[in-house]
Amino acid sequence: MSDQKKFVEEITSRDVDFAKWYTDIVKKAELIEYSSVRGCMVIRPNGYAIWENIQKNLDERFKATGHENVYMPMFIPESLLQKEKDHVEGFAPEVAWVTHGGSEKLQERLCVRPTSETLFCEHYANIIHSYRDLPKLYNQWCSVVRWEKTTRPFLRSLEFLWQEGHTAHATEEEAREETIKMLNVYAQFCEEVLAIPVVKGQKTEKEKFAGAVETYTIESMMHDGKALQSGTSHYFGDGFAKAFDIQYTDKNNQLQYVHQTSWGVSTRLIGALIMVHGDDNGLVLPPAVAPTQVAIIPIAMHKEGVLDKAREIANSLTGFRVKVDDTDNSPGWKFSQYEMLGVPLRLEIGPKDIEKNQCVLVRRDTREKIFTPLSELSQQISKTLQDIQKDMLERARQMRDQNTHDAVDFDTLCKFADEKIGFFRAMWCGDVACEEKIKEEAALTSRCIPFEQEKIADTCVCCKKPAKSLVYWGKAY
RNA sequence: CGGGGUUUAGCGCAGUUUGGUAGCGCACUUGGUUUGGGACCAAGGGGCCACAGGUUCAAAUCCUGUAACCCCGACCA
């Protein structure tokens, strides 16, 4: 894109100030508007439509893997939240409390859910009695509240939209399988739909979820090289089951505790879309999630037949999300506008085209112009949208791979952290002391222990003792 | 929670030093001319100057306090 002229001057350049660029995009692409509540945002039609597409696609994948949707209350009594020790300690600092109903003080205060493990557990304890009741594969789409100190649109807001899957299984083996299965669902979704490549792996003890036995994650790299935890899947073992007394009678008439999992992704994925694919002209959306896939712009639409032709084309394009812009803004304004919104394909149709029975397709990602006979339009659009989807994933993958560096000794790691952006791969002994030292001195946190292990050295990058595993380190959002 | 900045029309800002009729650009409304990369002309509408207290004949401007937002660090999806 570097040889492309920058047409929109209102956006801060991405490479000048990434944080400012991000906020500019979020506002200019009309994804959100700040509200009068600190840290809370209005998700506008352009932003919400992206979420709806994410939701629709993921929900199908959840259903295909046997899950059912439910809805839990948004309030959790304090006593219920207290039941699992690690869990409450992890979340207590950032929960919002309801203390009054109308003018009456509540006997017991209620927290606004920061996550719903406790509610699901309480419910499971009530409905699970026999091995015949298992597994329970539930998911809910909802919003949760976490009283964060500093907030950023989509990346960290007081209230955010997400889905949380909570499952209960008869055996450890089955629960572990579920944990990995859902992580894979997320990874595939990110790559196939969002065109975002991810690193799959396990979180260290230090970084794992409050109350989990193991936390698995998909990590993606933003354009500034920072990591974004894009989805997590937790294996709970029977810890919650014991705290909440979720037992069933097995085939041998023995009481057993269930084994549980939970997994979630949030509107944070929209932040990832922006930061992975966006450029100086605005948002760039992968066709699979773009609310509008083709924006039709009539040129000289006051002239006889132009607007009719544009509408005729729109009607003929079944199977695509198409919009005709018949407002009286100038064509140039519209070009910029749809680039800002990230619409993958622009279709220009004017008097000259109508004469030749053709139109002009312009790719958002490359700005390549494709003159297309109207008779081949549908096939051409279908092919081009697929190309865009594929190319976007490929570019993101290249960006990530070019910015993944291996370090075998501590000095190199510190030097890299200082001079380079991206992911840093280094061997680790498994000791939390080394992890903390790396955080303090290199300002890097462990992102994950990747499933795809590779031995790039024999010893820990930090303490030089024998290494247990390869770890991805980075700066995170 | 530390360090810095901001708050004046829907948005972006000037005006505050030196108190004296509320300004500019964009957006909006109406009419006309335009239309292949953010068009032009003309005429309009829009303000508790973040909030609460002071000082003063008079406060966007000076004083005190509060809040929200943004950026950089520590914590988190």
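Trainee: How many residue pairs are in polar contact between domain 1 and domain 3?
Mentor: This is a predicted model, in which local features need pLDDT of at least 70, side-chain atom pairs count only at pLDDT 80 or more, and totals for interfaces use all residues. Residues are numbered from 1 along each chain as its sequence is written. A polar contact is a pair of N or O atoms within 3.5 Å, one able to donate a hydrogen and the other to accept it, and residues adjacent in sequence count only if both atoms are side-chain atoms. With both residues at pLDDT 80 or more, the count between the two domains is 7.

Trainee: Which element gives the most to the side of domain 1 that touches domain 3?
Mentor: Elements giving two or more residues there include helix 6 (172–192) and strand 11 (227–237); strands are DSSP runs (E, at least two residues) and helices are runs of H or I, at least four. With 5 residues, the most is given by strand 10.

Trainee: Which residue forms a salt bridge with Glu-219?
Mentor: A salt bridge places a side-chain nitrogen of Lys or Arg within 4 Å of a carboxyl oxygen of Asp or Glu. The rule finds 1 across this interface. At 3.2 Å between the closest N and O atoms, the partner of Glu-219 is Arg-447.

Trainee: How many residues of domain 3 are in contact with domain 1?
Mentor: Domain 1 (18–277) and domain 3 (404–474) belong to chain A, with bounds from an automatic or database assignment. Contact means heavy atoms within 4.5 Å. Domain 1 contributes 20 residues, and for domain 3 the number is 17.

Note on methods: Chains are lettered from A and ligands numbered from 1 in the order in which they are written. Side-chain values use heavy atoms; hydrogens and water are left out.
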